[in-house]
Amino acid sequence: MDRVNDLDASDDAPDTPLASFAALRTDEGRALLASLHDYNPADELATATRLRRDHPAALVSAALGQARLRQRAVAKFGAEDAYRMFFTPNGVEQATRTTVATYRADRFAGMGVRSVADLCCGIGGDAIALARAGISVLAVDRDPLTVEVARANAEALGLSALIEVRCADVTAIDTSPYDAVFVDPARRGGRGRIFDPEAYSPPLSWAIEAARTAAHAALKIAPGVPHEAVPDDAEAEWISDGGDVKEAVFWFGTAAKAVRATLLPGPHTLLGTGLPDPAPGSVGRYLYEPDGAVIRSHLVAEVAERVGGRLIDETIAYITADELRPTPYATAYEITDQLPFSLKKLKALLRERGVGVLTVKKRGSAVEPEELRKKMKLAGANSATVFLTRVAGAPTVLIGHPAR
């Protein structure tokens, strides 16, 4: 079993990660970090040389590393929080971004949840959002350094009264005193991303059983999870933020076997109604590109119904329609040209239109966008969007621009 709060003597050695992190939380360490708020990593050598005149080399190295992590974390946590928080390299990579964590915390709060056992809490991103929603949290992780970072983040953001951080094996935690359980299994190992859910740490099967022990639960997983893996007693939700699909969540204690796609900011939530895919048809004036969360959740048919559209091909997730009906669940383009796939004809047409800026999208084509751009040898003041796809089974090029 992994170590818990009692650290062995080697952790007090000055060159251990725990000792380096502890040094950052001293008055000297905090002042040093504050001085690096706006430092340029390109000037790291000169900065390190200057700082080592007044501070221990190990502390300077730790502070510079933490400053780089804070800069990376701004994209997920925002500058105000990121420059007060602490991070590890894996923590920055794997943490839930604030917008997604806040949305999930609000769903929990809307269910009447007042306490959550956050299993595999990492550096505390979800615990922070839960606490800010007024929910008390037990945050558990098995890595001693990660636990210290999560504890420091709760303190730095003034949330220690609502967040208890514990170093333990999550499989040994009694979650019965809590209204809800949130599980975020580790999906990365020594060799990178893990695709087999049973190779998660802890395995998906264990996490599902842990979720079933609570009145309410959420299980965060990779967005590529197959629909066949959704438990019969769970709701599956795919979440995108700014157009990028971030995660899937199995919710327990809500509607069994329901499916939804949620788009942030918003939130905009599309619920599955079990519609069959619409029949394909000819390309109309408008083409709709569904959000990735819509595609992952298999709710393209629901969007097609909203816009009065049809598929361009039974295997392609592009919707076409003759009228423009704006929807948050898809981006609309006005199509000006349709031609059989031919690089020569496409190049000639783009030259004729004076296109110098080209956005290339593909679905159902083996051609890489960057490869296409190089071959087009673009020149001109106009812009266009090119879709490399299939229409009724035939390789096709569609040309247009975002609908106005």
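Author: Start with the inventory: the chain has 14 helices and 18 strands. The model is a predicted one. Its C-alpha trace spans about 70 × 55 × 35 Å along the principal axes. Of the 404 residues in the chain, 49% are buried.

Reader: Why is C120 called buried?

Author: Buried means under 20% relative accessible area. C120 has a relative accessible area of 14%, so C120 is buried. Its place is the loop between strand 1 and helix 8.

Reader: Why does H298 count as exposed?

Author: The cut-off for exposed is over 50%. H298 has 56% relative accessibility, and therefore counts as exposed. H298 lies in the loop between helix 11 and helix 12.

Reader: What makes the phi of C120 and the phi of H298 worth a remark?

Author: Most residues other than glycine have a negative phi. C120 is not glycine, yet its phi is positive, near 65°. H298 is not glycine either, and its phi is near 60°, again a positive value.

Reader: Why is helix 12 described as mostly covered?

Author: Helix 12 covers residues 300-307, and six of its eight residues are buried. The buried ones are V300, A301, E302, V303, A304 and V307. Each of these falls under the 20% cut-off for relative accessible area, because that is what buried means.

Reader: What covers the buried residues of helix 12?

Author: The cover includes strand 11, strand 12 (286-290), helix 11 (292-296), strand 13 (310-313), strand 14 (316-321) and strand 15 (330-340). After helix 12 comes G308, with a positive phi near 65°.

Reader: Why are strand 3 and strand 11 said to stand at the edges?

Author: Nine strands form an open sheet with mixed pairing, in the order 3-2-1-4-7-9-8-10-11. Strand 3 (163-167) and strand 11 (268-271) each have a single partner strand, so one side of each is without a neighbour in the sheet. From one strand to the next, the twist averages 20°.

Reader: How do you know that strand 8 and strand 10 pair?

Author: Two strands pair if there are at least two bridges between them. Strand 8 (residues 234-241) and strand 10 (residues 259-264) are joined by six bridges, so they pair; they run parallel. D241 stands opposite L264 in strand 10.

Reader: What packs on the sheet?

Author: Helix 10 (residues 204-212) does, touching strand 1 (115-119), strand 4 (180-183), strand 7 (216-221) and strand 9 (244-252). The direction of helix 10 makes about 160° with that of strand 7.

Reader: In which sense do strand 10 and strand 11 pair?

Author: They pair in the antiparallel sense over four bridges.

Reader: What lines the second largest pocket?

Author: Its lining has 15 residues, and L24, A62, Q66, L69 and F87 lie nearest the centre. Helix 1 (17-24), helix 4 (57-77) and helix 9 (144-156) are the elements that give two or more residues. Helix 4 supplies the largest share, six residues. The lining has nine nonpolar residues, five polar and one charged. About 250 Å³ of space lies in this pocket.

How values were computed
Residues are numbered from 1 along each chain as its sequence is written. This is a predicted model: local features need pLDDT of at least 70, side-chain atom pairs count only at pLDDT 80 or more; totals for chains, interfaces and linings use all residues. Side-chain values use heavy atoms; hydrogens and water are left out. On a 1 Å grid over the protein atoms alone, a cavity is a set of points where a 1.4 Å probe fits but cannot get out, and a pocket is an open set with protein on both sides within 12 Å along at least five of seven lines; lining residues have an atom within 4 Å of a point. Grid points are joined across faces, edges and corners, and a volume is the space filled by probe spheres set on the points. Ala, Val, Leu, Ile, Met, Phe, Trp, Tyr, Cys and Pro count as nonpolar, Asp, Glu, Lys and Arg as charged, and the others, Gly among them, as polar. Axes are lines fitted to C-alpha atoms, for helices over the stretch in contact, and angles run from 0 to 180 degrees between N-to-C directions. Contact means heavy atoms within 4.5 Å. Buried means under 20% relative accessible area, exposed over 50%, partly exposed in between (1.4 Å probe, protein chains only).
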